[in-house]
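Dear colleague,

Please find the structure below, handed over for your own work. A short account of the findings follows it.

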Amino acid sequence: MLAEEKYMMRCIELAQNGLGHVTPNPMVGAVIVHDEKIIGEGFHGQFGEAHAEVNAINNAVAKYGEDILQRSSIYVNLEPCSHFGKTPPCTDLILKKKIPHVVIGCADPFDQVKGAGIKKLLSGGVRVIQNFCEKECRDLNKRFLTFHEKKRPYIILKYAQSLDGFIAPQTVTEQNRWITNEYSQTLVHKWRSEEQAIMIGTNTAKNDNPFLTVREWKGKNPVRIVIDRELKVDVMHNIYDLSAPTLIYNDVKNETEKKHEFVRIDFKANILHQVLSSLHEKNILSVIVEGGTKLLQSFIDENCWDEARIFTGNKFLESGIKAPGINGKIISRENIFNDTLLILKPK
């Protein structure tokens, strides 16, 4: 690996510290290099707070003074912003500090940036290298990029199945309720803390009565989404507690009650497109779909998914509700104490 690639990989490593904290902003890391040595680094750690470039510049200046920046390069995995949002434009700071060389991992598709940051740097006489380690940088911000390029959230399908291909027994009891082990279940709670929302359908809400919260991991609860056409889920069910905001897509009413928002849609038209369009308007960048086979299969059949995380537990059920039928490219396979975790992406 070239030294330049290592600097960008370090940007990506730093940026990952923002996962679950910076949404709806992208994850960004920045590294400042002088004479082949990293002299400053930073990342965007919290929505509304300083961006990666600001933190990296401040870090370098604190250690080496400001003049060194004029003989340095800054690496950043995403195009620096050029607009005023919660914070001032990072391009203005780079120009002000007279950093002569900027290496950018990938362009920012956000309407208020979209090449304007690169154009501003070039106009200011900065030497800019674009699309450096682009594949890795795009994968880091897959949620942000999908949201802005496809105008919908990044969709993660998640379910557990038995060795004989069932996601639930015919009759659920305390003894057969869980297909996977406690380590896999903890991992799922970690995932919930990393995504903005989690979705289920009516039957899952009624029969499983889930909380859909982060209880076995430290982090923020995702927004809960329930597709419940006739509002059959009783308000005493766990999804109606106040531990997290809840969106209920239905055919009855538009109404807001405390943390619960009822959104009426047309169930005679394409349901998923309406829901995903609504979530885009609400600035929700990612959704884990944890529903039953019917809901999961609807995403698969519409070819409206970006990633599938499938656990196979170490048990047979012999009968019950069949798992969805999915065909994708295997990205990874992992053993978790006799559970198997398969990650798929669309072919």
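A charge is taken to sit over a ring if NZ of Lys or CZ of Arg is within 6 Å of the ring centre and within 35 degrees of the ring normal. By this criterion, the charged end of Arg 309 sits over the ring of Trp 191, 4.6 Å from its centre. Lys 322 lies over the face of Phe 166, at 4.7 Å from the ring centre.

Please note that this is a predicted model, in which local features need pLDDT of at least 70 and side-chain atom pairs count only at pLDDT 80 or more, while totals for chains, interfaces and linings use all residues. Residues are numbered from 1 along each chain as its sequence is written, and side-chain values use heavy atoms, with hydrogens and water left out.

Rings of Phe, Tyr and Trp (its six-membered ring) pair if their centres lie within 6.5 Å; planes under 30 degrees apart count as stacked, over 60 as edge-to-face and the rest as tilted. Searching the whole structure gives four aromatic pairs. One of them, Tyr 240 with Phe 262, is stacked, at 6.3 Å centre to centre and 25° between the planes. Tyr 240 lies in the loop between strands S9 (223-227) and S10 (246-250) and Phe 262 in strand S12 (residues 260-264), so the pair ties together parts that are 22 residues apart in sequence; strands are DSSP runs of E, at least two residues, numbered from the N terminus. Both Tyr 240 and Phe 262 are buried (under 20% relative accessible area, 1.4 Å probe, protein chains only).

Key
Helix = DSSP H or I, 4+ residues; strand = E, 2+ residues; numbered from the N terminus. Buried < 20%, exposed > 50% of the residue type's maximum accessible area, 1.4 Å probe, protein only.
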